[in-house]
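Open the structure in your viewer and keep the selection tool at hand. The stops below say what to select and what is there.

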Amino acid sequence: MNWAWKESSWSFFLVVIMVFSIMFVSTEAYDALDPNGNVTIKWDIISWTPDGYVAVVTITNFQAYRHFESPGWSLGWTWAKKEIIWSMVGGQATEQGDCSKFKGTIPHCCKKSPTIVDLLPGTPYNQQIANCCRGGVLSSWVQDPANAAASFQLSVGQAGTKSSAVTLPKNFTLKAPGPGYTCGPAKVVQPTKFLSADKRRVTRALKTWNVTCTYSQFLASKAPTCCVSLSSFYNDTIVSCPTCSCGCKKNITQPGSCVEPDSPYIASVVSGSQKNTPVVQCTSHMCPIRVHWHLKINYREYWRVKVTITNFNYAKNYSMWNLVAQHPNFDNLTQIFSFNYKPLTPYGSINDTGMLWGVKFYNDLLMQAGPYGNVQTELLFRKDKSSFGFEKGWGFPRRIYFNGENCVMPPPDDYPWLPNAGSKQYFSLLTVIIISLTTLVFINVFA
């Protein structure tokens, strides 16, 4: 046996697998359903002070369906020189840092790399500015554009007193509230123009720079956070979420990793859990969120779908939740019940994606796991004679997102089939490639 050839063959096989892995990791940073979505940080210098300037910083969420949940955003950067923050309105630094060298007036923050957070609702008016004080919560651009921006004002010292002397901060970081965002460098842009309250005068910033941050689900979480189950009127089979979609049940090896639904100690477990740590109900999929898509009724000219979103997290309510579903018949959606809806059409004429979210004060809050921990709607589609059919799982969604996170779908082979459909097996292109490569390697090794 040629051991050198065997070693080189295995090396080639591992390289191929690594290339495929890198490809799939890198594509997570690009969202085909929201190709232009980003978070833009705008820094406007509005006046000069004896040793620096006063600036208004605005964070705008231009993402179609990703929002910032409580406890909200936090923004950080590194000063280029020895700048300090004398005072702030509409936000605050999480740490003051070492300000011991200052006498008299003490700065708000002396850290080289400060972290700024929003103020809470109910903050005194003399500490507020426009678009502040919502606890860091930002809506998505499609869901509620009026609440998709946040602002704070800061007075910066030891920074220079003219435009040419001011150096842009670097290493911007954005959390919402966890990781997931990557920010580019600050770039000087055209100064922002401001319209007075009476709309009779226009002023402009003395200097403006922008920072653009983009989201990657791979950076945000190594494991998925939601899954999809399926059922239909023409088949008694209920296709559950794939086993271990978001993790595996470890109550035997790691007691307390999940909570049984009939446990008498649920309340004590939830109250003793750390803040923002999920307390998930013990299931085969171990996901905090499950989306169930049920093909309900087939009419002569229409067909109806029921969608149910269930929360399995005992420690969290989901406010301002949203769901994005991809299906080729969304261009013929006729009616939706008890949810808001808006089509997502990043590619113009292609209308196969819909965004759904709750009606304010009715079902926009998805309660924690329990009898009230679900919301549901029904969708009525008009049949497109050229494409309609329930064969091969056509009636089920191609992809589902909950709060911007891609949910784990069951494999197509497990979809409920029509009664007269055979149990044909279908393989993805990736499966065929990997099987072919593996076969070639073993032929070369054992030839």
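Start by selecting Gly160, which touches Trp48, Asp51, Gly52, Ala165 and Val166, leaving aside residues up to four places away in sequence; a contact here means heavy atoms within 4.5 Å. This is a predicted model, in which local features need pLDDT of at least 70 and side-chain atom pairs count only at pLDDT 80 or more, while totals for chains, interfaces and linings use all residues. Residues are numbered from 1 along each chain as its sequence is written, and side-chain values use heavy atoms, with hydrogens and water left out.

Gly160 sits in the loop between strand S7 (149-157) and strand S8 (170-175). Strands (E, at least two residues) and helices (H or I, at least four) are DSSP runs numbered from the N terminus. Gly160 is partly exposed, with a relative accessible area of 21%. Buried means under 20%, exposed over 50%, and partly exposed in between, using a 1.4 Å probe and protein chains only.

Next, select Glu378 in strand S24 (residues 374-382). Is Glu378 buried or exposed? Glu378 is buried, at a relative accessible area of 16%. Show Lys296 too: its side chain makes a polar contact with the side chain of Glu378 (2.5 Å). A polar contact is a pair of N or O atoms within 3.5 Å; within protein, one must be able to donate a hydrogen and the other to accept it, and residues adjacent in sequence count only if both atoms are side-chain atoms. Other residues that Glu378 touches include Arg304, Gln335 and Phe337.

Now colour the five strands of an open, antiparallel sheet, in the order S21-S22-S19-S25-S26. Two strands pair if DSSP finds at least two bridges between them. Strand S21 (339-343) and strand S26 (405-406) are at the edges with a single partner strand each, so one side of each has no neighbour in the sheet. Inspect strand S19 (residues 322-326) and strand S22 (residues 353-358), which are joined by five bridges in the antiparallel sense. Val324 has Met355 in S22 as its bridge partner.

Finally, zoom out to the whole protein chain. How many helices and strands does the protein chain have? There are four helices and 26 strands. Of its 447 residues, 43% count as buried.
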